[in-house]
Amino acid sequence: MVETREEAGMAAIHPTPPVVQEQLAQQAKEKECSTNEELKSVSNKPEVSKTKELAKELEATQETSTVDESKISEEMDVAIEAALRIDRRVVPEGGDGTLPQALAAEAEWDLHEKPEWVDRDVQALREMVEAEPTLHSRLDKAFLLAFLRARKFDYDKAMAMIRSYYRARQENADMYVELYPSALDHVWPLQMQTVLPTPDCLGRTVLIFRTGAWLPEVCGLDDVFRSQVVMLEHVVRLPVTQLRGIAAIVDCAGLSMTHAYYLTPTHIRRMISVIQEVFPLRFKALHFVHEPSIFDWVFSLIKPFLSETIKGRLHFHGEDLPSLHQYIPAEELPEELGGSRPMDNTFLVENLKKHEDYFKEHFTYGFEVCEEPPRQGTMMEAVTDVGSLIGSYYRRMCID
């Protein structure tokens, strides 16, 4: 800055003392040293280096997190696959209906099932059943859970299905007399039906029924139906089947007029009403193969009794077995359906007979015979999953 004349004059009049000059020189020297240190610090860039190190650490952490997430995802996939690959013909003794932990998230998303609420839900439905006049029902957790899952944990719809389930037994009481596996020993050797040990491509339990294997002179149509009921009552006890549902294959090879002669509308209506309207299973797909020319006539008798939901889940493959294999791997199927293994229900029947006492007790429950229970609600309450898709009042009880 340019000095004024007055300032310059003052400097001339009052020169800086030597002591002050030494102090100023020392301060200037210290400032220079400080500046040099700062320049040295900047040239070494320790902060930049530290920032880079932190960035590398963060990047490494993110990579580790990504690897951990990928590992967790793979472990979950393995756990789900293991839960789905259990032998669908085997029902463990003493099970309480609890799903494998690996399937809990799917059950919550698909069925509104929360593990922490299950006991409350079961107790709520149990109390509704106990309050039902003239009904003597099973009350165990495993049994009630099947109906809750079938109706996506809507208490009222689950209760309506239980009523319909037992009402169907009452209306067809003769079909349930002495209904247990060993009573059908004349049916099983015909190899008409079985359950595959492994699921289809969507994790659903696969049932096979061969219409042409039925010999009317060996067993009547009622016994064919009774054997189907026993098989369904068996597979529905598996929680994974309750979640994923079933896919049935009907092999029509050998279907003839001899069989059609026995298929009266009364029999057809009776069989379908006991299963379609009331059974706590999710029927996800029905595959027909090897349909002969007579099939169209036979199916015309059956179709009027099918719900619209079931009609939308029918698949007709004819002789095109590769189209069936898109849903169910060929290696899992018997030879008649393009697979390599023989059709054999021996293992299934052995497992059915292990639960002989269960079946004998199970079919003693129902409405009291003395009076007809009042019908409540409509049949649509117990037919399809549609009601749950448009919203339900599930858990209207026992919720804090």
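Of the 400 residues of the protein chain, 45% count as buried (under 20% relative accessible area with a 1.4 Å probe, protein chains only; over 50% is exposed and in between is partly exposed). The model is a predicted one, in which local features need pLDDT of at least 70 and side-chain atom pairs count only at pLDDT 80 or more, whereas totals for chains, interfaces and linings use all residues. Residues are numbered from 1 along each chain as its sequence is written, and side-chain values use heavy atoms, with hydrogens and water left out.

The protein chain contains 17 helices and seven strands (DSSP runs numbered from the N terminus, H or I of at least four residues for helices and E of at least two for strands). Its accessible surface is about 21500 Å², and carbon and sulfur atoms account for 57% of this (Shrake-Rupley method, 1.4 Å probe). Where contacts (heavy atoms within 4.5 Å) link residues at least 6 apart in sequence, 80% of them join residues at least 24 apart.

The largest nonpolar core comprises 86 residues (a core being a set of buried Ala, Val, Leu, Ile, Met, Phe, Trp, Tyr and Cys residues joined through side-chain atoms within 4.5 Å). Leu 125, Leu 148, Ile 162, Tyr 166 and Met 192 have the most contacts inside this core. Beyond its neighbours within four places in sequence, Tyr 166 touches Leu 135, Ser 137, Arg 138, Phe 143, Tyr 365, Gly 366 and Phe 367. Another core, of eleven residues, lies apart from the largest one and includes Leu 196, Val 206, Val 289 and Met 343.

In helix H12 (residues 295-302), the buried residues are Phe 295, Val 298 and Phe 299. These lie on the same side of H12, because they cover an arc of only 95° around the axis (taken from the directions from the helix axis to the C-beta atoms). They pack against helix H10 (257-260), strand S5 (283-289) and strand S6 (314-318).

The axes of helix H8 (residues 221-235) and H15 come within 11 Å and cross at roughly 75° (lines fitted to C-alpha atoms over the stretch in contact, with angles from 0 to 180 degrees between N-to-C directions). The two helices, H8 and H15, are therefore roughly perpendicular (65 to 115 degrees). Val 230, Met 231 and His 234 of H8 meet Leu 348, Asn 351 and Leu 352 of H15 in this contact. Asn 351, located in H15 (residues 346-354), counts as buried because its relative accessibility is 4%.

Methods: Angles under 35 degrees count as roughly parallel, over 145 as roughly antiparallel, 65 to 115 as roughly perpendicular and the rest as oblique.
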